[in-house]
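The sequence and structure are shown first.

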Amino acid sequence: MTGTFITVEGPDGAGKTTQLQLLADRLTAEGYDIVMTREPGGTRIGNEIRSLILNPDFQEMDEMTEILLYAASRAQHVNELIRPALAAGKVVLCDRFIDASIAYQGYGLGYSIEQVRSINQQATNELSPDRTYLFNLSVADSKQRMMDRGALDRIEQRDDAFRQRVYEGFLTLAEQEPERIQLVDATQSIKALHTILCQDALAYLKKRERLS
Ligand code: TMP
């Protein structure tokens, strides 16, 4: 059986990284072989690209350079880590994937959605997540949580208008793919969110097993 590719997405500060770790622990306890990873990053090369993209010193970074760097990190990630893990039947839990590029670089920066999608389809050889949890958090809440966390990276330093476009972009994606993208209310407690994610992920994995 091939593995399952699950991603989490949403505005900065939505708590997806915490939830991904909790989900990984639970699924491991249920006997699943888990690979937990993130974008940009996930590989040695991807982590170097991550520092380059997020470094606030590089304010001169061209927007197309930014799009291509995210896609380059993703190409390395898919080929080095994600596809081999899926081929080995593992459950890959990934913190962000192509939806983030569409929301941030497409809707956020105002690039053609089709262009961003097409670059990323080439980078990943059309790999798409099987299931995605989109953490729904308003721009005001996201900003507050980011401020509480401290120093902002280059993308987090962008203004509220950018954040609003990203937020609306994510919601548009959820509307377009309601089967894959599950919208979850990120203002709930950590425990409540964890329960929802576990229930859905376990039911989804069991369903895939039945169908395989
Ligand atoms: P993270 O904080 O979730 O690790 O992501 C790093 C930042 O990069 C975050 O502000 C979202 C942004 N990002 C994009 O703009 N495009 C992308 O394709 C990805 C994966 C992340």
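Residues are said to meet, or to be in contact, when heavy atoms lie within 4.5 Å. The model described here is a predicted one.

## Packing of α4 and α5

Helix α4 spans residues 98-108 and helix α5 spans residues 113-124. The two pack at an angle of about 150 degrees, and their axes are 9 Å apart. The crossing of α4 and α5 is right-handed.

On the α4 side, the residues in contact are I98, S101, I102, Q105, G106 and Y107. They meet I113, V116, R117, N120 and T124 of α5. By class, the residues of this contact divide into five nonpolar, five polar and one charged.

## Ligand site

There are 14 residues around the ligand, and D12, Y70, R96, S101 and Q105 come nearest. Of these, S101 and Q105 also belong to the α4 side of the contact with α5.

## Backbone features in two loops

The peptide bond from E39 to P40 is cis, with omega near -15 degrees. P40 is placed in the loop that runs between β2 (34-38) and α2 (44-54).

R96 has a positive phi, near 80 degrees, and is a residue other than glycine. R96 is placed in the loop between β3 (91-95) and α4. R96 is also one of the residues that come nearest to the ligand.

Definitions and conventions: Residues numbered from 1 in each chain as written. Predicted model: local features only at pLDDT ≥ 70, side-chain atom pairs only at ≥ 80, totals over all residues. Heavy atoms only, no water. Axes fitted to C-alpha atoms, helices over the stretch in contact; angles between N-to-C directions. Helix = DSSP H or I, 4+ residues; strand = E, 2+ residues; numbered from the N terminus. Left-handed = near helix turned anticlockwise from the far one by under 90°. Nonpolar A, V, L, I, M, F, W, Y, C, P; charged D, E, K, R; others polar. Near = heavy atom within 4 Å.
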